[in-house]
Structures are given as structure tokens and as C-alpha cells.
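Please keep the sequence and the structure at hand while reading.

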Amino acid sequence: PVATLTQGSSGLQLEAVALADIAARFGTPTYVYSRAALEMAWQNWAKALVGRDTLVCYAVKANSNLGILNVFARLGAGFDIVSGGELSRVLAAGGAADKVVFSGVGKSRAEMQQALRAGVRCFNLESPAELDRIESVAAEIGVRAPIAFRVNPDVDPKTHPYISTGLRDNKFGVAFDEALALYRKAAASRHVKISGIACHIGSQLLDPAPMAEAAAKIRGLVEKLESEGITLEHIDLGGGLGIRYDDEQPPGMSDYTAPLLAAMEGRKEQLCFEPGRSLVGNAGLLLTQVEYLKHSPTKNFAIVDAAMNDLARPALYNAYHEMVAVKPGTATAQSYEIVGPICESGDFLGHDRQLALAEGDLIAILSAGAYGMAMSSNYNTRGRCAEVMVDGDKMHLVRQRESIESLYALESVLP
Ligand code: LLP
């Protein structure tokens, strides 16, 4: 799944850097990203959209490391954010505020103020109450807030229920039938300016059809709005394109975008996208070292130094991440449970993996660039991983490993 990962003379290498050298220099567990793979993923999107006025807004939640944001900012990316914190990161990494769309169901007043002052491109509103709040915050500051409604098209994305967001029964977006009335209300407001419409139906989409169906529904709504004199600058079709972790067959880039472009054929609005996983997922891996091998009567365990706090997806979604030994071992391959040091049975990274392992060996856990570090925690007072970005034959530390003292630096004992 990682385009720039190859087998070199000293084991696996990302671009021209041996993973073993990264482990020797920065220790493990460490997230490692490939700049070339990030840029290839970006170009993939760009090529598929060529000839159409579009803006690709990288979904910061997938991986918010400043180094990653900066790579995309240099490529001219916009950003999809869901918090004031993410906005601060985007600006710190050199991203342009006027290419930022602000999504999320729970924007606080403070976050709205921060984003209005920064001059973001659009607030994707997800409820009538949010319209009331943005009006009041904009009035207070004395600006007109650019807004879109995230409309829930009620299509089944056919993905994991935890990451499906476009069905009628979940907390996201405004109901399709409610949208028209909300746009009329916004059109009459002095404090907001209607900028667009948005939708997002779910993540890790492997079938392009549900999104195409959603786009057709959105187009219908856009035309209805137009007939009432409500015109838009952009149509935001969200993120969601899936990637290959195991043997999934995600649609090719243009298999995904072509039906969407077709659904919008003849419309003059700018088309926006909010991809996260498809830009970073396969540009990163988690490098970990075997601490112990342990054999029970029924199972072989490889206890590694990464754990569910570092990569939560297996424990949380039963997600599969491919694993490869960094150097081919001399041991014979056998089935291992790959587990971390955390004190609960849910702390596994992979089941039944056929690997030839010895104590001290390095394992690369693939497809970990999206929702890996971003969802990590300090559970068990484990400092979070270092993050390294490879660029050709160079390795750059883009986040230091957290020191233990920093983990309790904000705490205090009673006087
Ligand atoms: N836009 C909105 C409004 C979203 O909610 C999301 C993801 C995206 C864009 C980016 O979607 P992507 O292109 O990455 O699929 N933690 C889960 C994924 C949660 C996705 C949440 N929303 C995982 O590890 O699979």
C-alpha cells in the first residue's frame, strides 16, 4: 500500500532512507511519513480534477502534524478543520485562512470568533442552532460570516457504521428536507453570507456510487435554491475516498471523481473536496520493535513497543494494518498475535500475522498515516511517538517523542 516503500540492501526503506536507520537515530515506536508519497497522493487528486475549478481541502483531522500540513500548504491546498486548534495548526504551518472550511457539529463561540477573525473561507453549519450562533457571533464582531449548510443526503455509504455519517439517523448535517428553509432564513440574514453547500457521507468509501447519488441529490437542491435566487460560490462534496489496507479494491482516483464531476456537469460553482485518508493514509507507517516473544499453548505473541495508545484503529474498529518485518529474519515464519504493552486484552495491533520474528526485530505497520498519530493518547502514561518525515535521502524529525515529565507537567498535587 505504500508507493515509496521498497526492499533495500539494509532492509525496508522509505524513499532512500532505511527504516533501520530511522529506528537507530530516533528510537521506536515512531511514525514515519514519506514526502514523495504525500505529494503523489496530492497530484493524484489534482490530475483527476484538472480542467474544473476545484479546491481540495485536506481534512486535518486525519493527521495534523505541522510538517504534513506544510507539505500540503506548499502545494496550494485548502484545509478542512473541525476545531479552533486545527485552525491554529494550519496557520502555524503556513496554510491560507481563505482556503479553510470549518466543519463539525459543535463549534463553540470562541472557535467561531477565532475563525471569523482569521478570515476562513466558509463555515459548514450542521444545525439551525448553529446558524443562530454564527449570526450572533458575526454581529458582535461586525462581519458577515461566510456559510454553507452541510446537508445530509441520506444515502448509505456502505462503510463501517462508526465512520458512516450521511444517513438520516446520525448526528451530522441538516436533514435534506430542512435545508431549503434554512437557506431562506440565511438569505434574509444581515450577518451571514451564503457561500456554498456541503455534504459528506462517510469515510473509507470503497464504492463510488453512494457519493455519486449524494452529488445528484445535492445538485437538485442547488438548482432549487437557484430558482429562488439563492446562488452559491462552491459545492463541497466532502471526503471519504477509501484506501487499500489489505485486499480492499478502492476505486481509482478518477473512478471516484468522474461520476461526481459528471453529476455537476454544466454547474459553474467551484467544486470542493475534503479528503483526509486518501492523501495521507498510505504515506505513513508506524515503526515498532519487538520487545518479547511469548508462546502460550495456543498462541504466539509478539509484544511490541507500540500499543493501542499509539495506533487505536485495530482496537477501536477492528481495523487491519499490514505488517512487514523491516529485515528478513532468520527465524521461521509463524502466526503471531501482535500486541502492545498496555494492560488490556483490546491492546492488539494485529491478529494471526505470519511473520519471522526475533526479539529486537523491527516491524513496519503500514497504512498508518491517517488517523494514527492523530488519534493517539497517553494511556498508561506512555509518551506519544516521535514523527519523522523522509524526503529523498533525508530524514526530518517533525515531532519529538514526548518526554515523560511533559505528560504530567500540567498536573499538581494538593497543597
Ligand atoms: N470531511 C468531514 C466532514 C469528515 O467528517 C471527514 C472524516 C472527512 C472530511 C475526511 O474523511 P476521509 O477522506 O479521511 O475519509 N477515525 C476513523 C475515520 C473518521 C473519519 C471522520 N470524518 C478511522 O480511523 O477510520
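The protein is divided into domain 1 (5-33 + 281-408) and domain 2 (64-275), with bounds that come from an automatic or database domain assignment. This is a predicted model, in which local features need pLDDT of at least 70 and side-chain atom pairs count only at pLDDT 80 or more, while totals for chains, interfaces and linings use all residues. Residues are numbered from 1 along each chain as its sequence is written.

The C-alpha centres of domain 1 and domain 2 lie 34 Å apart. Their contact takes 15 residues from domain 1 and 10 residues from domain 2, where two residues are in contact if their C-beta atoms, placed from the backbone, lie within 7 Å. On the side of domain 1 that touches domain 2, strand 20 (386-391) and strand 21 (394-399) each supply at least two residues, and strand 21 gives the most, with 3 residues; helices (H or I, at least four residues) and strands (E, at least two) are DSSP runs, numbered from the N terminus. The residues on this side of domain 1 divide into 7 nonpolar, 5 polar and 3 charged, with Ala, Val, Leu, Ile, Met, Phe, Trp, Tyr, Cys and Pro counted as nonpolar, Asp, Glu, Lys and Arg as charged, and the others, Gly among them, as polar.

For "binding site", an unreviewed UniProt entry lists Gly-240, Glu-274, Pro-275, Gly-276, Arg-277 and Tyr-371; the positions are given in the numbering used here, feature names are shortened, and annotations may be inferred rather than shown by experiment. Gly-240 lies in the loop between strand 12 (234-236) and helix 9 (253-263), and is buried, with 30 other C-beta atoms within 10 Å. A residue is buried if 20 or more other C-beta atoms lie within 10 Å of its own, exposed if 12 or fewer, and partly exposed in between, with C-beta atoms placed from the backbone. Beyond its neighbours within four places in sequence, Gly-240 is in contact with residues including His-200, Ser-203 and Met-211.

Glu-274, in the loop between strand 13 (270-273) and helix 10 (277-280), is also buried, with 26 other C-beta atoms within 10 Å. Leaving out residues up to four places away in sequence, Glu-274 touches Cys-57, Ala-59, Asp-80, His-200, Asp-236, Gly-238 and Gly-239.

A further "binding site" listing in the unreviewed UniProt entry names Arg-277, Arg-313, Tyr-317, Glu-344 and Tyr-371. These positions span 95 residues in sequence, and the farthest two C-alpha atoms are 28.0 Å apart, so they do not all gather at one spot. Arg-277 has its place in helix 10 and counts as buried, with 27 C-beta neighbours inside 10 Å. Arg-313, in helix 11 (residues 313-317), counts as partly exposed, with 19 C-beta neighbours inside 10 Å. Apart from residues up to four places away in sequence, Arg-313 touches Ala-319, His-321 and Tyr-371.
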